[in-house]
Amino acid sequence: MLFEIERTTIFDVPVLRAIGELDLTTAPMLAKAADDELVLEPASLLVDLSPTTFLDSSGARALAQLARRAAAHDVALQVVCPRANTAVRLVIDLLELRSVVPVVEAVPRRPTGIVGGDDTP
């Protein structure tokens, strides 16, 4: 099993990076990591699927369940999955997962107040 949940933060937002294959055997790891974050009552939570190499229906179900749990805790959830990650994005599109999970193209950048600018180094 080649899977890991990397925990980090971006602009004080907790981020869970799902690295590897998100499937029947690894989906519970994501669910547990997300539950550990939700009990801390963050304002928002980001799940980054950019480094995810495979997504099956169990992984998709875990994301849908996470969206429901986040909403129940008043936590704004975003799932990052760039279109370039075709293996994962195909499953998201085929299952119409975006109807229940807020999927975005990229990790948000901190605004600077300058049109076209950001605070990235």
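Is Glu 105 buried, exposed or partly exposed? I looked it up: at 39% relative accessibility, Glu 105 counts as partly exposed. The cut-offs are under 20% relative accessible area for buried, over 50% for exposed, and partly exposed in between (1.4 Å probe, protein chains only).

**Ground rules.** I am working on a predicted model, where local features need pLDDT of at least 70, side-chain atom pairs count only at pLDDT 80 or more, and totals for chains, interfaces and linings use all residues. Residues are numbered from 1 along each chain as its sequence is written, and side-chain values use heavy atoms, with hydrogens and water left out.

**Arg 89.** Arg 89 is found in helix H3. I took helices (H or I, at least four residues) and strands (E, at least two) as DSSP runs, numbered from the N terminus. Arg 89 is buried, with a relative accessible area of 5%. The side chains of Glu 105 and Arg 89 form a salt bridge at 3.4 Å, N to O. Glu 105 lies in the segment after E6 and Arg 89 in helix H3, so the pair ties together parts that are 16 residues apart in sequence. For a salt bridge I required a side-chain nitrogen of Lys or Arg within 4 Å of a carboxyl oxygen of Asp or Glu.

The backbone oxygen of Cys 81 lies 2.4 Å from a polar atom of the Arg 89 side chain. Among the residues that Arg 89 touches, leaving out those up to four places away in sequence, are Pro 82, Arg 83 and Val 103. Contact here means heavy atoms within 4.5 Å.

Asp 93 counts as partly exposed at 32%. Arg 98 bridges to Asp 93, with the closest N and O atoms 3.0 Å apart. Arg 98 is partly exposed, at 41%. I noted the network of salt bridges that links Arg 83, Arg 89, Asp 93, Arg 98 and Glu 105. The structure holds ten salt bridges.

**Asp 23.** Beyond its neighbours within four places in sequence, Asp 23 is in contact with Phe 54, Asp 56, Ser 58 and Gly 59.

**Positive phi.** Most residues other than glycine have a negative phi. I checked two residues against that. Phi of Asp 74 is near 55°. Asp 74 lies in the loop between helix H2 (57–72) and strand E5 (76–80), and is exposed at 69%. Glu 96 has a positive phi of about 50°. Glu 96 is in the loop between H3 and strand E6 (103–104), and is exposed at 58%.

**Glu 41.** Glu 41 is in the loop between H1 and strand E3 (44–48). Glu 41 is exposed, at 64%.

Methods: A polar contact is a pair of N or O atoms within 3.5 Å; within protein, one must be able to donate a hydrogen and the other to accept it, and residues adjacent in sequence count only if both atoms are side-chain atoms.
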